[in-house]
Amino acid sequence: MSARTGPLTHGQLSVLRSLAVHGPGAQAVANLTSAWEVPFGVGTAQVMDAWLRLVEAHEGLRSSYTAEGTPVQRVHPFEPSQVPAVELAEDTAAAALGLAAGYAAEPIPVDAGRPWRAAVATFEGEPLYLVTAIHHVAADNAALAVLEEDFGRLLQGRDPEPGPQPLDLALEQRERPEAGERSLRHWAGVWKDLGDRDPADTSRRRRASVYSLEGLAAARKLSEDLRVSVQSVLLGVGALAVSRFEARDRPTFALMAANRVDERWARVVGSLNQYAPVTVAVDEDAHPLDFLKATYVQCLSAYMHGSYDVDALAARLRDQGEPDPEPTGFARHFNFLGAVDAEPAPDSPLLTGAQWRGSGQRTGANLHLAIAVGEGVLIGVGASERLMPGDGPARTAAAIEAGLIGIAEGSAQTLREVSLDPVRQV
């Protein structure tokens with residue numbers, strides 16, 4: 001059977017173009033990792049078979065991708081392949097995630113029809129986790145959730161939930177040019193007002209996170225009182241904290257538009273994510289609630305235009321004389337991860353202060369504000385040493401928590417009156 005061939009989705013094309021900006025030395029940054037727990041009593045062979053059945057069911061996992069010349073994806077016929085079993089040194093999720101990180105540390109070639117690495121992680125011979133590293137062109141975080149759900153179904157003896165394939169979406173995107181044209185007009189119109197392009201900062205990245213029950217309660221109160229989204233509240237207060245730290249009153253953030261609002265495409269295992277940039281004007285004399293409402297409107301407009309052809313946009317920006325027509329290079333990213341975190345362990349530093357971790361990243365955004373919600377809000381600030389030296393990431397994360405609490409308290413009449421002094425030890 002011959003390979004099915006067609007265009008890339010807008011999200012797949014955005015991933016490949018963004019990686020081209022990063023350069024050949026940073027391709028591994030696109031690899032997403034997972035470690036899915038195996039229920040007791042399930043054998044290693046069954047786990048291996050479940051993964052291969054996922055590859056058979058989801059075309060994106062057996063496609064090759066190229067952005068050279070005319071961007072193309074080729075869906076290859078399913079062929080069984082070897083899935084190794086790897087013995088862990090300890091029976092912990094951290095050990096399994098460490099194995100996944102090792103698989104993700106090297107670039108995954110996407111031109112060969114197998115954009116993933118997988119293994120069954122065992123301990124004393126018993127399967128504990130299915131560990132994967134999947135290239136971002138073949139899956140985004142929402143797609144990983146679909147795969148995990150289907151993996152559970154297979155281990156229960158049920159078939160994967162049927163759904164459309166990435167090529168189906170790509171073909172529809174090309175067949176509905178009017179929707180794409182609206183987005184292109186929007187971005188071409190606002191581009192001149194966007195700032196803070198990627199300055200090719202290669203200094204070391206570090207990430208600091210804080211976890212706050214009070215911060216989430218404050219964000220939800222503001223969301224309900226103002227009838228705006230929680231994520232726009234978090235972006236607004238995040239922009240205020242970044243503005244104060246950098247002494248910059250118009251920071252630009254590239255929002256992550258997941259493009260899964262249409263239920264038809266909710267179960268596509270592919271990459272639908274794209275950048276939807278927003279410049280947040282931080283006027284210290286504005287009322288905090290007016291500022292948050294304005295941020296919400298900006299977010300909504302950006303997300304509504306978040307599905308577009310980056311090549312077509314680059315061409316249009318060049319035609320109108322923009323000096324920097326690259327649509328994927330931004331210095332600051334905002335990623336609202338939704339409900340994905342769990343309550344920290346009782347001895348976690350997240351409960352009382354900030355937790356640090358390093359990063360091997362040397363290219364791309366020099367500020368990454370990643371926020372998740374669960375029982376509390378997990379505020380992560382990843383930043384380059386050049387942009388945020390010293391304890392800058394931890395202090396900024398704690399400042400966002402303080403700003404949420406302060407604005408929700410309601411006494412401040414201007415942003416200038418909102419204290420961002422940490423309410424915890426940093």
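Trainee: Is Ala247 buried or exposed?
Mentor: First, a caution: this is a predicted model, so local features need pLDDT of at least 70, side-chain atom pairs count only at pLDDT 80 or more, and totals for chains, interfaces and linings use all residues. Residues are numbered from 1 along each chain as its sequence is written, and side-chain values use heavy atoms, with hydrogens and water left out. Now the cut-offs: buried is under 20% relative accessible area, exposed is over 50% and partly exposed is in between, using a 1.4 Å probe and protein chains only. Because Ala247 has a relative accessible area of 74%, it counts as exposed.

Trainee: What is the phi of Ala247?
Mentor: Most residues other than glycine have a negative phi. Ala247 isn't a glycine, yet its phi is positive, at about 55 degrees.

Trainee: Which loop holds Arg227, and what is its phi?
Mentor: Arg227 is in the loop between α7 (213-226) and α8 (230-246). Arg227 is exposed, with a relative accessible area of 73%. Arg227 isn't glycine either, but its phi is positive, near 60 degrees.

Trainee: At what angle do the axes of α7 and α8 cross?
Mentor: Two packed helices are described by the angle between their axes and the distance between the axes. Axes here are lines fitted to C-alpha atoms, for helices over the stretch in contact, and angles run from 0 to 180 degrees between N-to-C directions. The axes of α7 and α8 come within 9 Å, and they cross at roughly 115 degrees.

Trainee: What do we call that arrangement of α7 and α8?
Mentor: Angles under 35 degrees are roughly parallel, over 145 roughly antiparallel, 65 to 115 roughly perpendicular, and the rest oblique. That makes α7 and α8 roughly perpendicular.

Trainee: Which residues of α8 meet α7?
Mentor: Contact means heavy atoms within 4.5 Å. On the α7 side you'll find Ala219, Arg220, Leu222 and Ser223. Their partners in α8 are Val230, Val233 and Leu234.

Trainee: How many residues of the contact of α7 with α8 are nonpolar?
Mentor: Ala, Val, Leu, Ile, Met, Phe, Trp, Tyr, Cys and Pro count as nonpolar, Asp, Glu, Lys and Arg as charged, and the others, Gly among them, as polar. This contact has one polar residue and one charged. The nonpolar count is five.

Trainee: What is the arrangement of α8 and α11?
Mentor: The axes of α8 and α11 come within 9 Å and cross at roughly 125 degrees. That makes α8 oblique to α11.

Trainee: How many residues of α11 are buried?
Mentor: Helix α11 covers residues 392-409, which is 18 residues. It's largely enclosed by the rest of the structure, because the buried count is 14 of the 18.

Trainee: How far apart are the end C-alpha atoms of α11?
Mentor: The expected span of a helix is 1.5 Å times one less than its number of residues. For α11 that should be 26 Å. The model agrees, with the ends 25 Å apart.

Trainee: Which residue follows α11?
Mentor: Look for a positive phi, near 95 degrees. The residue is Gly410.

Trainee: Is Pro7 buried or exposed?
Mentor: Pro7 is in the loop between β1 (4-6) and α1 (10-22). Not counting residues up to four places away in sequence, Pro7 touches several residues, including Pro71, Leu167 and Arg174. With a relative accessible area of 19%, Pro7 is buried.

Trainee: How far is the C-alpha atom of Pro7 from that of Gln73?
Mentor: Along the chain, Pro7 and Gln73 are 66 residues apart. Their C-alpha atoms are separated by 5.9 Å.

How values were computed: Helices (H or I, at least four residues) and strands (E, at least two) are DSSP runs, numbered from the N terminus.
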